[in-house]
Amino acid sequence: MGDDNTGRQGPPEEFRRKRSQPVPPEARRSARSGRVTVPPPAVRRRRTGLLVMGALSTLVLLASGTSWAVTGWMSGVLNRFDVFGALASGDRPDNPTGGLTFLVIGSDARGEMSQENQDALSVGSTPGRRSDVIMMVRVNEDRDRVSVVGIPRDLWVDIPGEGEDKINAAYAYGGPAMTVRTVESLTGVRIDHYVEVDFEGFVDVVDALGGIEVCLPEAIDDPKAQLDMAAGTHEVDGTEALAFARTRATARGDLDRIDRQQQVLSAMLDRATSSQTLTDPGRLATFLESALSSVTVDEELDGRALNALAYQLREIDLSEVAFTQVPIADMNHWTPRGDVALLWDEPAARDLFADIRADRPIAEGNPEEEASPAPPDPADVRIRVFNGTATPGMGARTDDNLSQVGFDVIAPAENWDDRDVATTQIRYPRGAEAAEEARFVAEVFPGSELVEDRTLDDEIQVVIGFNFTTFTAPELPEPEPEASASDGPLATTTARDNVCA
């Protein structure tokens with residue numbers, strides 16, 4: 001994913017991480033017995049909080065009781081960068097609610113990686129920095145729901161001050177600050193915090209969890225990523241998980257990749273909450289040291305802020321972590337420079353990010369309303385015409401009119417037995433479908449009356465009466481536009497849905 005030469009290959013300045021070497025917290029011991037105290041499983045399930053991290057996305061749950069002991073330590077291990085200092089506050093979107101929005105970046109920077117590690121992880125050696133993974137994570141104001149939106153790295157957008165390019169080039173143009181500025185201008189959502197993880201950091205996190213479980217509906221063979229995985233469920237380590245999350249060797253390319261990244265994050269959440277990683281202080285310290293030493297965050301996201309968020313989210317369930325991705329209208333947009341990018345579906349994306357700004361759950365399509373049933377297709381309506389008046393030629397002219405608008409006229413018009421019919425009749429057989437067809441035909445003959453005729457089989461009969469003066473062509477729906485990649489309801493899943501059964 002990160003081996004193209006999109007955008008400029010080096011940021012205008014080097015942003016260095018400030019590292020420290022704090023001592024991990026010691027295990028808590030009971031004042032009475034001196035033994036390590038571990039809460040019972042029921043209590044452990046309730047006492048979980050949220051730690052912002054991840055190579056692909058965001059959140060790994062922590063035991064809130066333990067988080068108080070590691071607050072200062074987390075602050076020391078995390079690497080920090082002044083992301084928001086260069087952004088003019090007047091040019092940024094407002095946050096109308098108390099929700100928090102995190103921009104989570106998986107960076108493909110390889111500058112500090114040894115050649116041996118680049119080869120081992122199959123990440124290539126392309127110079128420069130790009131955002132290999134981009135995810136927007138919204139924690140609602142009530143802190144009981146998390147929404148994660150995957151943003152394809154090949155999305156063709158306007159990068160402020162630089163012109164059109166793929167969105168992942170924003171990182172190369174101006175690092176984290178330009179990435180935040182681009183996402184804010186594109187979505188209208190204010191970014192409150194920034195989280196970045198590199199390749200090696202992601203591998204360390206997965207390995208610290210003891211690996212994760214992923215599942216595939218179909219086999220993937222990607223020699224470039226050194227990934228050869230059969231369909232089914234697999235237990236993978238950090239290196240394999242990175243390859244699984246980065247490969248684009250499937251039919252939908254980058255969009256399938258986002259789905260796999262969301263599956264990986266869900267598996268990490270599940271493994272963290274179902275194992276003893278979060279309840280054993282020693283294992284938790286080892287996990288945090290691996291996870292946080294490779295994470296860069298904005299300066300405002302300190303240990304105190306993390307601890308407060310962890311406490312607020314201590315009872316959140318995997319079913320309340322919802323995933324989706326930016327809806328796409330064109331997966332094969334040829335750019336002016338001759339490469340292929342993605343174009344998003346602007347109306348659908350506008351609705352999605354309006355939901356994010358307003359702290360509404362990610363919509364799964366339009367609000368629940370009963371859709372109006374589609375009218376019958378005239379070609380499916382078998383129809384016969386009878387002239388119930390003394391006016392000659394009335395039946396033949398009506399046959400022609402009905403044929404011209406698409407009805408299936410099954411026989412030439414005939415005279416009705418009674419030549420003194422006052423009101424035009426639409427006669428139909430028993431059944432709801434026939435009744436619906438008859439109502440449709442009645443709209444063509446204003447002032448007509450419906451008559452159920454149980455002697456009829458599968459045809460509609462029109463008996464023209466003296467009140468017939470106007471033939472009205474039926475109103476048909478507009479032809480469906482050509483299908484786009486995002487047609488249909490917005491696809492959403494939860495972290496629980498993504499965990500392999």
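This is a short tour of a predicted model, one selection at a time.

Before starting, note that residues are numbered from 1 along each chain as its sequence is written, and that side-chain values use heavy atoms, with hydrogens and water left out. Because the model is predicted, local features need pLDDT of at least 70 and side-chain atom pairs count only at pLDDT 80 or more, while totals for chains, interfaces and linings use all residues.

**Confidence**

Colour the chain by pLDDT, the predictor's confidence in each residue, from 0 to 100. The protein averages 76, and 70% of the residues score at least 70. Select residues 1-69: here the pLDDT is below 50, yet the stretch has 200 contacts in the model beyond near neighbours in sequence. A contact means heavy atoms within 4.5 Å. Next select residues 365-371, where pLDDT also stays under 50 and the model has two contacts beyond four places in sequence.

**The disulfide**

Select Cys 215 and Cys 500, which are joined by a disulfide with an S to S distance of 2.3 Å. A disulfide is a pair of cysteine sulfur atoms within 2.5 Å, and a search of the whole structure finds one. Cys 215 is in strand 10 (residues 212-216), and Cys 500 is in the segment after helix 13 (495-498), 285 residues apart. Helices (H or I, at least four residues) and strands (E, at least two) are DSSP runs, numbered from the N terminus. The torsion about the S-S bond is about -105°, so the disulfide is left-handed.

Is each cysteine buried or exposed? Cys 215 counts as partly exposed at 24% relative accessibility, and Cys 500 counts as buried at 10%. Buried means under 20% relative accessible area, exposed over 50%, and partly exposed in between (1.4 Å probe, protein chains only).

**The cores**

A nonpolar core is a set of buried Ala, Val, Leu, Ile, Met, Phe, Trp, Tyr and Cys residues joined through side-chain atoms within 4.5 Å. The largest has 37 residues, and Leu 103, Met 136, Leu 155, Val 180 and Phe 353 have the most contacts inside it. Helix 4 gives the largest share, eight residues. Now select Met 136: leaving out residues up to four places away in sequence, the residues Met 136 touches include Phe 102, Val 149, Val 183 and Phe 353. Another core, of 25 residues, lies apart and includes Val 137 and Leu 318.

**Arg 181**

Finish in helix 4 (residues 169-187), at Arg 181. Arg 181 is partly exposed, with a relative accessible area of 42%. Beyond four places in sequence, Arg 181 is in contact with Leu 87 and Pro 160.
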